[in-house]
Amino acid sequence: VQLQASGGGLVQAGGSLRLSCTAPGRIYSSAVMAWFRQAPGKEHEIVSRIRWSTGNTWSADSVKGRFTISKDSYNTVSLQMTSLQPEDTAVYYCARGIQWSGDRRDYNFWGQGTLVTVSS
């Protein structure tokens, strides 16, 4: 299952971007959808996740209050990013798993990544 991520780009500090991730078919209720990011020279970091059945969400402290993960449709999850800062610069990946986890090893299916660059 290949997830398709889109929406990255270049934005100035303080700006906003909306990332989308589309699955080839329906996202089942058992799924946990997540956004990770990887900045240059750093490890993957989970940003936000959402439990598809309940809509419950979790976000990292570094993005809480600025990023919002949501269900857009039966097969699309989005990440609305506001008040972007240079430290948010990274390749953003969407992923699907079934465990309520922040560990990338618990996610079986990944998108190809979309680059977000925030200039100061």
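Start by selecting Cys21, which counts as buried because its relative accessibility is 0%, under the 20% cut-off. Keep in mind as you go that this is a predicted model.

Show the sulfur atoms of both residues: a disulfide joins Cys21 to Cys94, with 2.1 Å from S to S. The link is right-handed, with 70 degrees about the S-S bond. Zoom out and you will see that the pair connects distant parts of the chain, since Cys21 sits in strand β3 (residues 17-22) and Cys94 in strand β9, 73 residues apart.

For a landmark, pick Gln38: its bridge partner in β9 is Val91.

Six of the seven residues in β4 are buried, so the strand is mostly covered.

Now bring in β5, residues 45-51. β4 and β5 pair in the antiparallel sense over six bridges. Here, select Arg37 and look across to β5, where Glu45 stands opposite.

Last stop: follow the chain from β4 into β5. The two strands form a hairpin with six residues between them. Click on Gly41 in that turn, where phi is positive at about 75 degrees.

Terms used
Residues are numbered from 1 along each chain as its sequence is written. This is a predicted model: local features need pLDDT of at least 70, side-chain atom pairs count only at pLDDT 80 or more; totals for chains, interfaces and linings use all residues. Side-chain values use heavy atoms; hydrogens and water are left out. Buried means under 20% relative accessible area, exposed over 50%, partly exposed in between (1.4 Å probe, protein chains only). Helices (H or I, at least four residues) and strands (E, at least two) are DSSP runs, numbered from the N terminus. Two strands pair if DSSP finds at least two bridges between them. A disulfide is a pair of cysteine sulfur atoms within 2.5 Å.
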